[in-house]
Amino acid sequence: MRLTDFWERMEQALGTGYARSWAADVRLAELGGRTVTEALAAGEDTKAVWRAVWRELGLPAAER
């Protein structure tokens, strides 16, 4: 998954104004206690990060 696709999904799930804030503030156990922003900066696969976000938010299967 391209990074631009990842951010589009984040904005669809959380809204344009909130997605990047949430990504910088919320720590996910599945990402080793890191934020989305930290995980992406560390080189984590965007698809793996998206799956962690998807599970955390309890999004529908269609958005996986």
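Which residues form one aromatic cluster? I looked this up and found Phe6, Trp7 and Trp50.

**Ground rules.** I am working with a predicted model, where local features need pLDDT of at least 70, side-chain atom pairs count only at pLDDT 80 or more, and totals for chains, interfaces and linings use all residues. Residues are numbered from 1 along each chain as its sequence is written, and side-chain values use heavy atoms, with hydrogens and water left out.

**Aromatic pairs.** I found two in the structure. Rings of Phe, Tyr and Trp (its six-membered ring) pair if their centres lie within 6.5 Å; planes under 30 degrees apart are stacked, over 60 edge-to-face, the rest tilted. Phe6 and Trp7 pair edge-to-face, at 5.1 Å centre to centre with 85 degrees between the planes. Phe6 and Trp50 have ring centres 6.2 Å apart and planes at 85 degrees, so this pair is edge-to-face. Phe6 sits in helix 1 and Trp50 in helix 4, 44 residues apart, so I note a link between distant parts of the chain. Helices (H or I, at least four residues) and strands (E, at least two) are DSSP runs, numbered from the N terminus.

I checked burial next: Phe6 and Trp7 are buried, and Trp50 is buried. Buried means under 20% relative accessible area, exposed over 50%, partly exposed in between (1.4 Å probe, protein chains only).

**Helix 1 against helix 4.** Their axes come within 10 Å and cross at roughly 10 degrees. That makes helix 1 roughly parallel to helix 4. I noted how axes are drawn: lines fitted to C-alpha atoms, for helices over the stretch in contact, with angles from 0 to 180 degrees between N-to-C directions. Under 35 degrees counts as roughly parallel, over 145 as roughly antiparallel, 65 to 115 as roughly perpendicular, the rest as oblique. Contact means heavy atoms within 4.5 Å. Helix 1 brings residues including Phe6 and Met10, and helix 4 brings Trp50 and Val53 among others.

**The core.** A nonpolar core is a set of buried Ala, Val, Leu, Ile, Met, Phe, Trp, Tyr and Cys residues joined through side-chain atoms within 4.5 Å. The largest has 18 residues; Phe6, Met10, Val36, Val49 and Val53 touch the most other members. Helix 4 gives the most to this core, with five residues. Leaving out residues up to four places away in sequence, I find Val53 touching Met10, Trp22, Leu28 and Val36.

**Thr35.** I placed Thr35 in strand 2 (residues 34-35). Thr35 counts as buried because its relative accessibility is 3%.
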